[in-house]
Amino acid sequence: VGEPNWDALKPFVEPAKLAQIIQTKVNAPQIEISSYGIRERVRTGRSIRYQVPPSIEMYLRERPLYR
């Protein structure tokens, strides 16, 4: 995955705001997350922490949806 096409935002974002967005961009590794993978991890009792928001993790832990 390359650098975003910032020019595509120009028609929609004020120049000062676009500069702020570009400056605050965070470089982070991409991870692949799939709904199948999450269901499989829940079904086998493995952690889904960092793959879903904490509220979703708690919801799935409290209900036997994928077990």
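Student: What share of the contacts with a separation of 6 or more comes from residues 24 or more positions apart?

Tutor: In this predicted model, residues 24 or more positions apart account for 12% of the contacts in the protein chain that have a separation of 6 or more.

Student: How many helices and strands does the protein chain have, and in what order do the elements run?

Tutor: The chain has three helices and zero strands. Read from the N terminus, the elements run α-α-α. The radius of gyration is 18 Å, well over the 11 Å that the globule rule gives for 67 residues, so the chain is more spread out than a compact globule. The C-alpha trace spans about 50 × 25 × 20 Å along its principal axes.

Student: Which residue pairs show C-alpha separations across the chain?

Tutor: Gln 20 and Ile 33 are 13 residues apart along the chain, and their C-alpha atoms are separated by 29 Å. Gln 20 is in helix α1, residues 15–23, and is partly exposed, with a relative accessible area of 41%. The other pair is Ser 35 and Leu 18, which are 17 residues apart in sequence and 33 Å apart in space, C-alpha to C-alpha. Ser 35 is in helix α2 and counts as partly exposed at 48% relative accessibility.

Student: Which residues make up the largest nonpolar core?

Tutor: The general idea is that in soluble globular proteins, nonpolar side chains tend to be buried together. Here the largest nonpolar core has five residues: Ile 38, Val 42, Ile 48, Val 52 and Leu 60. Take Ile 38 as a way in. Leaving out residues up to four places away in sequence, Ile 38 touches Ile 33, Ile 48, Gln 51, Val 52 and Leu 60.

Student: Is Glu 57 buried or exposed?

Tutor: Glu 57 has a relative accessible area of 16% and is buried, because the cut-off for buried is under 20%. Glu 57 lies in helix α3. Apart from neighbours within four places in sequence, Glu 57 is in contact with Ile 48, Arg 49 and Val 52. Ile 48 and Val 52 are also members of the largest nonpolar core.

Student: Where is there a nonpolar patch on the surface?

Tutor: Tyr 59, Leu 65 and Tyr 66 form one, with about 280 Å² of accessible area together. Leu 65 is in the segment after α3, the helix of residues 54–62. At 47% relative accessibility, Leu 65 counts as partly exposed.

Student: How many salt bridges are there?

Tutor: As a general point, side chains of opposite charge can pair when their charged atoms come close. The count in this model is four salt bridges.

Student: Which residue does Glu 40 meet in a salt bridge?

Tutor: The side chain of Glu 40 meets that of Arg 43, at 2.6 Å from N to O. Both residues lie in helix α2, residues 35–43, and they are three residues apart, about one turn of the helix. Glu 40 counts as partly exposed at 22% relative accessibility. Arg 43 is also partly exposed, with a relative accessible area of 47%.

Student: What is the phi of Tyr 50?

Tutor: Phi of Tyr 50 is near 75 degrees, a positive value in a residue other than glycine. Tyr 50 lies in the loop between α2 and α3. At 69% relative accessibility, Tyr 50 counts as exposed.

Conventions:
Residues numbered from 1 in each chain as written. Predicted model: local features only at pLDDT ≥ 70, side-chain atom pairs only at ≥ 80, totals over all residues. Heavy atoms only, no water. Core = buried A, V, L, I, M, F, W, Y, C linked by side-chain atoms within 4.5 Å. Buried < 20%, exposed > 50% of the residue type's maximum accessible area, 1.4 Å probe, protein only. Contact = heavy atoms within 4.5 Å. Patch = residues over 30% accessible without salt bridge, like charges linked within 9 Å, V, L, I, M, F, W, Y side chains within 5 Å. Areas by Shrake-Rupley, 256 points an atom, 1.4 Å probe, with all protein chains shown as cover. Helix = DSSP H or I, 4+ residues; strand = E, 2+ residues; numbered from the N terminus. Rg over C-alpha atoms; globule rule 2.2 N^0.38 Å.
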